[in-house]
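This report describes a protein chain, with attention to its charged side chains. Please read it alongside the sequence and the structure shown here.

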Amino acid sequence: MATPTLFARLQQRLRTTEEGEGIRFSVGLRVAIIGATVLLCGLFFPWWTEEVPPQWVPQWELVGTRWRGPVVQAEYSFVVRKPTEVYEQEVRRALDSVAPVFVPLSNARSEWYSRIALVVDSLRRAPSPSEGSVEAEQWGGEQLEMLQRIAERVFREVAEWKVIDRPKGQIPTPWITLWQRPAMWTTLPLGQVLDSAEGSALLRTLVRRYSPPELEPLVAEVVQKAFRPTLVYDEKLTDSLRWAVRQSVPRTWGVVREGEIIVAPGDVVTDTTVAKLASYANARLLQSERRITLPTLMGSFGHAALICSVLFVYLGFLRPRIFRDALQLAGLAVGLVAIAALAWLSRVAESDLPLEYLIVIPALSMLVAILLDSRTAFYTTVTAALLVAGVRNGDYPTGLALMLGGMLAAYTVRDLESRRQLFRSLFFIALGIGTAAVVLGIAQGRSLEDVLLRCGFVAANAGLSPVLTFGILLLLERTFNIVTDMRLLEYSSLENPLLQELQRKAPGTYQHTLNVARLAEHAARAIGARALLVRVGAYFHDIGKLAKPEYFAENQIGLDNKHERLPPKKSAAIIREHVTEGIELARSYGLPPQIVDFIPQHHGTMLIRAFWQKAVEQARQRGEPPPSEEDFRYFGPKPQTKEAAILMLADAAEALTHALPSQEPDRLAAALDEVIRERIVDGQLDESPLSFHELQRVRDALVEGMVGIQHRRVSYGAATAQPAALS
């Protein structure tokens, strides 16, 4: 059986990847990874209950007897709580001593005089007595003025009276509380104040003293109408005072220190002894034992499953490419388990230090953003932060702080162009976690020293995460041959030995490569594709021409066209061989597969039209059947990514700039439109994820770049119409 060709093996590998065949893409493996993730994360959750020791019931009937039990010695310090009945009695006594609060009316006296003036004015306008008032003859102005003077004199006598608006019989205490201004309270004996009834009686006495008999009834009526209390009961302030008094009643009878003897045989049992024994029994609840139960165990694993579903559901619906790849799914799962383990360690570690702020969620966020994409990094960060909060018994503040730091960290490496950019994330990680730590610390009433200590651990996390990210990336790149933007930077230098050889042996191809790289990078940036990847791919897409550089148009300046002496089929075979030679050369130099894939995909299965047309013409002249197109097509595969499709179009665009007789932008744009149309009709873009909207933006970006390329390119007769055929 014949050995499959290199192109057959390449096509089979691509079909396997796309269709998801093999163990790496099996459903069973994905289910196992998800199940293992939930299981491992669930193990770090608090899945036990506290074993509560039996509580000792206070035996008050022992009071007054002698203790017959063993010596009871405190194993740890505890607070002696008062019996509920004792505490409630003390509270009632304290509340009974709370006097009602009265607030002085600052304008009471001025209101007295205003009311007197109003009553006198009403008598002046309508002197006939109203119903229920004292009967009187018609009053003249002098009598009314006298009435007003007498009433004002009476009120001057009572100017310093303190009159409350409640009967004294309703006051439960022998004093009242007088509120004068915020935080200033005074007490006043009840004998120094008057209620409304006492005030009215004294007013009548004063009226009789200062009024002539004929005016006494009317003056009394005027004074009674004008009189108002000077102190008003305030229910709100009274309730506030009662609450403060209730809170001031101590609930404890002191503290029993560790090692102190609570009671010994023969000791007389007192109320305090019984209270100490009861408090000691209650304190044992704090020393309870853990007990595993099936409901709590299932609840913990269910809790872990709910949190992990945030990421897995997102991947299943919005990132199926990652979800179907067990290797990438396993990488994310390992990250979640590692974060859950760190959260568990921070919880069980016996330390007063805020170790939770050393959980390196920002490192996980940056790794996912660099290796996959920023949106997946966002969901991974949220899931990891929820895991931290869940593992730490609902520690919402820590989860929120780490989530903010992780999101900002992922944002800083979204468009990574150098390894040094990793360390720019130092500032953003510290900003995200630090801001949350300070704000939440203040909200929780933490001391300044505690907040500053947390900020110190935040700074440590900000320094550790980029270093950890750098190290893990380096390990992954070397172990799994993963191509990150940082690794691409190593191949982006024009000092690469392979590119230097291309410059020496095929200078025309080298210049063509640089032009294509500029065009492709500009177009990739226009649609948000990986510009660095397409630029590096463009550098190496034509390295196969090193084998026979003289057979390619861009290297034939000053040389004969060797294809004129070859049959069209042979010429097409030589042109196609540069793809085969390029793949083998790239692999021999150790180029990553993502770069090697650009070599066959940038041609797809396009027809080498110049030589095919020549073969068709020769067959027609000889009266032979036309040749098969398969002998004049590249082996493919067609572009599988946006970047490969962009490189295919950029390669054609660069060829157009040297093949067209006119460099006018309109002519260049029209020619490029024709090339794009032919590739769409030929199905070359069918397998790439480029949308028509993105294709239009790529076309506009390529037209902008084409205008700047000036040198012409030698064409092969009919190839002028299809210049990219020989690229």
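## A positive surface patch

In this predicted model, Arg81 is found in strand S3, which covers residues 78-81. Arg81 counts as partly exposed because its relative accessibility is 45%, and together with Arg242, Arg246 and Arg251 it forms a positive surface patch.

## The chain as a whole

The protein chain contains 28 helices and 10 strands, and 46% of its 727 residues count as buried. Among contacts between residues at least 6 apart in sequence, 81% join residues at least 24 apart. The chain exposes about 36600 Å², of which carbon and sulfur atoms supply 57%.

## Salt bridges

A search of the whole structure finds 22 salt bridges, including one between Glu198 and Lys168, whose closest N and O atoms are 3.1 Å apart. Glu198 belongs to helix H6 (residues 196-210) and Lys168 to the loop between helix H5 (141-157) and strand S5 (175-181), so this pair ties together parts that are 30 residues apart in sequence.

Glu521 and Arg535 also meet in a salt bridge, at 3.2 Å from N to O; the former lies in helix H20 (residues 507-527) and the latter in helix H21 (residues 531-540), so parts 14 residues apart in sequence are tied together. Glu521 is buried, with a relative accessible area of 16%, and Arg535 likewise counts as buried, at 18% relative accessibility.

In a further salt bridge, the closest N and O atoms of Lys642 and Glu694 are 2.8 Å apart. This pair links helix H26 (residues 642-659), which holds Lys642, with helix H28 (residues 692-706), which holds Glu694, across 52 residues. Lys642 is partly exposed, with a relative accessible area of 24%, whereas Glu694 is buried, at 13%.

Definitions and conventions
Residues numbered from 1 in each chain as written. Predicted model: local features only at pLDDT ≥ 70, side-chain atom pairs only at ≥ 80, totals over all residues. Heavy atoms only, no water. Patch = residues over 30% accessible without salt bridge, like charges linked within 9 Å, V, L, I, M, F, W, Y side chains within 5 Å. Areas by Shrake-Rupley, 256 points an atom, 1.4 Å probe, with all protein chains shown as cover. Salt bridge = Lys/Arg side-chain N within 4 Å of Asp/Glu carboxyl O. Lys, Arg positive; Asp, Glu negative; His and termini not counted. Charge placed at Lys NZ, Arg CZ, Asp CG, Glu CD. Helix = DSSP H or I, 4+ residues; strand = E, 2+ residues; numbered from the N terminus. Buried < 20%, exposed > 50% of the residue type's maximum accessible area, 1.4 Å probe, protein only. Contact = heavy atoms within 4.5 Å.
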